Amino acid sequence: MSTLHYQGQSVAVFDCHVHTDKAALDSGELCRRSRESSVKNLIVMSIAPSCFSIWKDRPYSNEERLELVLRQCEDMPMLHPVYWIDPTEEDAPRQVELAAAAGVVGFKVICGNHYPGDPRAMKTYERMAQVHKSVLFHSGILWDGKSSSRYNRPSEFEDLLPIAGLTFALAHISWPWTDECIAVFGKYEDARRHYGDACARMYVDITPGTPPLYRKEALYRLFKTGYQVEDSILFGSDSFLDRYDAAAVEKQVSVDLAHFADMELPFRVVDKVFQGNVKNFYGIR
Ligand SMILES: [Zn+2]
């Protein structure tokens with residue numbers, strides 16, 4: 001039963017941004033809580049690759065990380081696995097092929113120690129485009145305890161423009177560089193007018209990152225600047241799977257719904273933001 005409503009219609013949520021940080025998961029509890037909520041689907045990102053020592057309880061091999069996220073989503077139709085890849089690893093293009101063949105719906109990348117356009121990473125993104133899988137990038141300030149935010153500025157992602165067929169999203173509206181993120185979106189929109197599918201396509205993931213004080217204005221600028229964003233916005237919570245709190249996510253959604261109501265967005269657009277666009281982004285029917 002849905003508990004969230006907008007303009008008299010119930011809102012279903014597909015959360016595009018959920019992490020895992022350990023092997024253990026009590027899926028029964030998660031299913032029980034979610035059945036009673038408006039959160040109907042979750043993208044589950046695998047444990048972080050070895051270039052990140054934080055955000056996990058112990059080291060995991062790439063094989064183990066892939067295997068785990070597939071197993072965590074197995075037999076749970078509401079969970080959809082995404083493989084977090086270090087695109088600079090020598091065998092990264094091969095990892096893309098293996099993960100796609102094994103059944104992930106897409107990929108996750110955080111540029112922690114390289115620019116988005118690193119030549120090693122570009123080869124990996126090209127392989128993602130070849131296997132028709134999208135990639136969600138962290139963007140904006142990166143809380144990894146290191147000097148790394150410069151790798152995550154939205155304008156650095158212009159380097160992905162020439163990758164034909166690549167679909168990617170920038171998470172967190174790139175906070176604090178939300179205006180830059182919106183401008184880069186406009187640039188991609190214009191590029192596609194000239195080059196069509198011969199260049200990459202950009203989405204924006206509105207997963208917080210934006211502190212509450214900034215959120216309304218960031219969303220307002222994103223939707224009202226004049227770019228055709230309605231088919232290209234994803235919603236996520238940045239939660240962790242094993243302690244997923246559907247009620248807290250609903251509360252977060254209701255805050256955004258109030259902002260969207262103030263902007264007078266129609267239900268049709270709101271429905272795309274909360275579930276339709278992420279299905280298109282990852283090719284989920
Ligand atoms: Zn995240």
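Glu-250 is located in helix H7, which spans residues 246-262; helices here are DSSP runs of H or I with at least four residues, strands are runs of E with at least two, and both are numbered from the N terminus. The model is a predicted one, in which local features require pLDDT of at least 70 and side-chain atom pairs count only at pLDDT 80 or more, whereas totals for chains, interfaces and linings use all residues. Residues are numbered from 1 along each chain as its sequence is written, and side-chain values use heavy atoms, with hydrogens and water left out.

Glu-250 is buried and yet has no salt bridge, the nearest side chain of opposite charge being that of Lys-40, 7.3 Å away. When residues up to four places away in sequence are not counted, Glu-250 touches Thr-3, Leu-4, Ser-37 and Ser-38, a contact being defined by heavy atoms within 4.5 Å.

The loop between strand E8 (167-170) and helix H5 (178-195) contains Pro-176, and the peptide bond from Trp-175 to Pro-176 is cis, with omega near 10°. His-172 is also placed in the loop between E8 and H5 and has a positive phi of about 65° although it is not a glycine. Ile-173, which lies in the loop between E8 and H5, likewise has a positive phi, of about 45°, without being a glycine. Most residues other than glycine have a negative phi, and most peptide bonds are trans. His-172 is buried, at a relative accessible area of 6%, and Ile-173 is buried at 0% relative accessibility.

A search of the whole structure finds 21 salt bridges. Asp-262 and Lys-216 form one of them, with an N to O distance of 2.9 Å, and this pair links distant parts of the chain, since Asp-262 belongs to helix H7 and Lys-216 to helix H6 (residues 212-224), 46 residues apart. Asp-262 is exposed at 51% relative accessibility, whereas Lys-216 is partly exposed at 38%. Within helix H6, Glu-217 and Arg-221 lie 4 residues apart, about one turn of the helix, and their salt bridge brings the closest N and O atoms to 2.7 Å. Glu-217 is partly exposed, with a relative accessible area of 46%, as is Arg-221, with 34%. Elsewhere, salt bridges that share partners join Asp-21, Lys-22, Asp-242 and Arg-243 into one network.

For the protein chain as a whole, the secondary structure comprises 8 helices and 11 strands. The radius of gyration is 18 Å, close to the 19 Å that the globule rule gives for 285 residues, so the chain is as compact as a globular protein of that length; the radius is taken over C-alpha atoms, and the rule is 2.2 Å times the number of residues to the power 0.38. Buried residues make up 56% of the 285 residues, and of the contacts with a separation of 6 or more, 79% are between residues 24 or more positions apart.

Methods:
Buried < 20%, exposed > 50% of the residue type's maximum accessible area, 1.4 Å probe, protein only. Lys, Arg positive; Asp, Glu negative; His and termini not counted. Salt bridge = Lys/Arg side-chain N within 4 Å of Asp/Glu carboxyl O.
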